[in-house]
Amino acid sequence: MSFPSKPVVVRLLCLLILIVVGPTASAFGQETTWKAGVARAVATPEKGVWLAGYGTKRPPDGTLHDIWMKALALEAPDGERVVLVTSDFQGIPKEMTDRVFAELKKKYKLERRQVMITFSHNHCGPRLGSDLVDYYPVEAEQEKLVEEYTTLMETKLVSLVGESLNNLAPATLATGRGKATFAVNRRNNREADIAALLEKGEPLKGPVDHDVPVMTVTGRSGKPIAILFGYACHPTTLNFTQWCGDYPGFAQIALEKNHPTAVSMFVNTCGGDQNPLPRRKVELCEKYGAMLADAVEEVLKKPLKPVAPGLKTTFECVDLPYEKVVTREDLQAAAKDANAIKKRWAERLLKQLDAGEKFPASYPYPVHAWRLGKDMLVIGMGAETVVDYALAFKAEYGLDTWVCGYVDDMISYIPSRRVWLEGGYEGGPNLFEYGRPALRWAGDLETRVNRTVTKLVKAVEK
């Protein structure tokens, strides 16, 4: 009786291993040495937390569609991990993310540099913690509901991240870039004029960023498990009082309908001075959501650029000084102002002074830099960054750069030097709306932000 030769036996054993264990990462190709995991959780309030934004009391009166928190975890071959959280919130305040970051470090050993918590800035989402606290009349029952809801969302967010980490499995990453044109620079175009200008085909004014960056995460089945996409525009199509995700919500719903294996995730890039115009109708909101989803679908039809496995991350808070910290005399005068938000702001800060508190002269501004593979760079920036930041960083670091605003902390508008000099709503003395102990940033804030971004980008290139 003869036996198979040694090489034949080895081949048979390898085949048996593949049948029993399944393909290895190398069998799928180098890109599959990424691991990825996704998770999502409904965030629609079950109680009467007011809707956030628009500077007024807005009790909810129904749900157009659910709002969500979603998480994407990535792991490189060396074990380095990151988690990106997206959400349909208007804004997440610093004290909430600080508590979440502390829990993530305690439970999952994730450092601050490894996690970005983003929010779409959706104005049909709920209040959270102290975000825009002076926007709303003070009512004890509402404050209790907001506190309870915020605590619940913190718990859910921590669990969501844990679930995404538990779901880590071999995957491939790839990127592309599309275009959507409904964002309008609201500083340079009167809203009342937009419809007529568009009908005439006349060009609109001011800088915009119509790029739609897309990243797909594909599992071992060959089907997408996540579709991440971005756009620079306020989600302020609607101002009614039903829960929904505005145009990003409709876009995510459409993509998940077309790709049922995937979790669709939206990040607002740098849309602080951009609006969807015209607006104020559900039909327009659905239209813009469809336009954005179609832009993503067009990208998915074309060959995408693979993202090689590898992660480098860094993070820093840079102090942004105020132009002038308010005094007691300033606040006493503001407490008599006809503007209800300014009046509440002044009264609240006066109580802090009476309690012996001192106001800081600056604010800690969060900045992230992630390098995925060799080419993909993700810059994460707190609050409402204007479009100038994205345009400048993409020009400097390449079109594979994602410049995400609305990360970690809803601080205020972050104007560029140009916008600061022009003034107006985004660049002028309106920090009181965000509860800050000043009316305006110091004029060098763009220099400080840019210096920090440059430093962090160099760190992840090493």
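Q: What makes a residue part of the lining of a pocket?
A: Lining residues have an atom within 4 Å of a point of the pocket. Keep in mind as we go that this is a predicted model. By that rule the largest pocket is lined by 25 residues. Those that lie nearest its centre are Arg348, Tyr363, Gly435, Arg436 and Pro437. The space in this pocket comes to about 400 Å³.

Q: Which elements each supply at least two residues of the lining of the largest pocket?
A: They are helix H3 (94-108), helix H9 (340-354) and S13.

Q: How do you know how many lining residues of the largest pocket are nonpolar, polar or charged?
A: Each residue is classed by its type, with Tyr and Pro among the nonpolar ones, Arg among the charged ones, and Gly counted as polar. Sorted this way, the lining has 13 nonpolar, four polar and eight charged residues.

Q: What about the second largest pocket: which residues lie nearest its centre?
A: Arg186, Asn275, Arg279, Tyr413 and Tyr425 do, out of a lining of 25 residues. About 330 Å³ of space lies in this pocket, and its lining divides into nine nonpolar, nine polar and seven charged residues.

Q: Why is Leu160 called buried?
A: Buried means under 20% relative accessible area. Leu160 has 2%, so Leu160 is buried. You will find Leu160 in helix H4 (residues 140-166). Leaving out residues up to four places away in sequence, Leu160 touches Ala39, Arg40, Ala41, Met69, Lys70 and Ala71.

Q: How do you know whether Ser264 is buried or exposed?
A: The cut-off for buried is under 20%, and Ser264 has 1% relative accessibility, so Ser264 counts as buried. Ser264 belongs to strand S9 (residues 263-268).

Q: What makes Lys70 a contact of Ser264?
A: Contact means heavy atoms within 4.5 Å, and Lys70 is listed among the contacts of Ser264, together with Ile227, Phe229, Gln252, Leu255 and Glu256. That list leaves aside neighbours within four places in sequence.

Q: Why do S12 and S16 count as edge strands of their sheet?
A: The open sheet has four strands in the order S12-S13-S14-S16, with mixed pairing. Strand S12 (311-321) and strand S16 (401-404) each have a single partner strand, so one side of each has no neighbour in the sheet. From one strand to the next, the twist averages 15 degrees.

Q: How do you know that S13 and S14 pair?
A: Two strands pair if there are at least two bridges between them. Strand S13 (residues 362-372) and strand S14 (residues 376-381) are joined by six bridges and run antiparallel, so they meet the rule. Ala369 stands opposite Ile379 in S14.

Q: In what sense do S14 and S16 pair?
A: They pair in the parallel sense, over four bridges. Here Cys404 in S16 is the bridge partner of Gly380. Thr401 and Val403 point one way from S16, Trp402 and Cys404 point the other way, and all are buried.

Q: What makes about 160 degrees the value for helix H10 and S16?
A: Angles run from 0 to 180 degrees between N-to-C directions, and the direction of helix H10 (residues 387-397) makes about 160 degrees with that of S16. Helix H10 packs on the sheet, touching S14 and S16. Helix H13 (residues 445-461) lies across S12, S13 and S14, and runs at about 160 degrees to S12.

Technical notes
Residues are numbered from 1 along each chain as its sequence is written. This is a predicted model: local features need pLDDT of at least 70, side-chain atom pairs count only at pLDDT 80 or more; totals for chains, interfaces and linings use all residues. Side-chain values use heavy atoms; hydrogens and water are left out. Buried means under 20% relative accessible area, exposed over 50%, partly exposed in between (1.4 Å probe, protein chains only). On a 1 Å grid over the protein atoms alone, a cavity is a set of points where a 1.4 Å probe fits but cannot get out, and a pocket is an open set with protein on both sides within 12 Å along at least five of seven lines; lining residues have an atom within 4 Å of a point. Grid points are joined across faces, edges and corners, and a volume is the space filled by probe spheres set on the points.
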